[in-house]
Amino acid sequence: MRIFKRRRTQAAPADLIGEFWSWWQTTGATEIAEAIAVRDVTAAGAVLSDRVRRIHDNLDWELGRGLHARHVLIVTAAGDPGTRGIARRWLRAAPASDDVWEYADMRRPSPDAGIKFDGMPLVSIDAALVTIEPDRREAALHVEVHHPTFPTLPDELRKRVTFLLLDLVLGEELVETWIGAISTALEPPANAVPIAELLPAVASFAAAHVADDGGPSWRLMEGETADGDRLVATAMVPLRSIQMPHLDTHVAVEVPYKAAREDGLPQDETLSHLRDFEDHLTNRLGDSGRLLAHETAAGSRILHYYVDGTTPAAAQLQAAVTGWPDGPVTLAVSADAGWEDVRHLT
């Protein structure tokens, strides 16, 4: 059994996305639709592959039946945190859906499908088994997947099939949001269940981590700093970059405060001022950023914002921190497409 995660890479220029949509609206959409109509997408698919890979080598594409249109074009990062933002920006730049085409940046569930590669037998979804281990601390379900074909497959292909099985059963968004460690089993685990039971298990688990308004819930945590000071933190749950992949830049805003209690946490009036200051910063960002967590200890609160690195959001935060009465507010900005800088708060 091997536990594995997916690869990570960097972002691509926005003008390549613009070039793709220019081609698509000029000739691409018509050519691909005509190829689907005659059930021969080999040549047109090769052109589409080239156009997608010009944006980034790690992007994948799929064609399928749309929910509201005849067809859907999906361009996905295929689990790669470093290119999720690119796929999301591709989607945000897409033309409006019409009767023929709609667009998505994540694979959709298709539990009735199968997986077929050249030179290997059909991998039927119904034959797959899975173990499900809830981890409430990480707000994730760890899974181990078995399929009768696994002993005959090389390691890398077995991993690929495992991810495809999960994507087909749950859809890419649910997999990336709620599934934690993923491993394969060459033999059926003793406590395995049919993979069809995974979707209701994820739905039930997710329902326990959703706020009353349908948005993400927040977790309160306590601990100590390296110097032994009391630390209180809150963080969005789940804390996964798949939820807002275009927010790929971490901005840590450190706000000092003077009126502290004996344990170093802010007094009530100061806490109210900190919350007002937080709202002031958040309102400057709009859709270009989001506060995901904060940590408070020893006369300082760190606000963990994630912003769209292609916008001036970080500069907007910098301009908005002036005037805090308790001392200079500092910002630390870093590229972090996978939200690794707040991993310690999951």
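A salt bridge is a side-chain nitrogen of Lys or Arg within 4 Å of a carboxyl oxygen of Asp or Glu. The model is predicted: local features need pLDDT of at least 70, side-chain atom pairs count only at pLDDT 80 or more, and totals for chains, interfaces and linings use all residues. Residues are numbered from 1 along each chain as its sequence is written, and side-chain values use heavy atoms, with hydrogens and water left out.

The structure holds 17 salt bridges. One of them joins Arg107 to Glu62, with the closest N and O atoms 2.3 Å apart. Arg107 lies in the loop between strand 4 (101–104) and strand 5 (114–115), and Glu62 in strand 2 (residues 60–65), so the pair ties together parts that are 45 residues apart in sequence. Strands are DSSP runs of E, at least two residues, and helices are runs of H or I, at least four, numbered from the N terminus. Arg107 is buried at 12% relative accessibility. Buried means under 20% relative accessible area, exposed over 50%, and partly exposed in between (1.4 Å probe, protein chains only). Glu62 is partly exposed at 27%. Asp60, Glu62, Arg107 and Asp167 form a network of salt bridges.

A further salt bridge links Lys159 and Glu156 (3.4 Å, N to O). Both residues lie in helix 4 (residues 155–170), three residues apart, about one turn of the helix. Lys159 is buried at 16%, whereas Glu156 is exposed at 55%.

Asp135, in strand 7 (residues 129–135), is buried yet has no salt bridge. The nearest side chain of opposite charge, Arg137, is 6.2 Å away.

Key:
Lys and Arg count as positive and Asp and Glu as negative; His and the chain ends are not counted.
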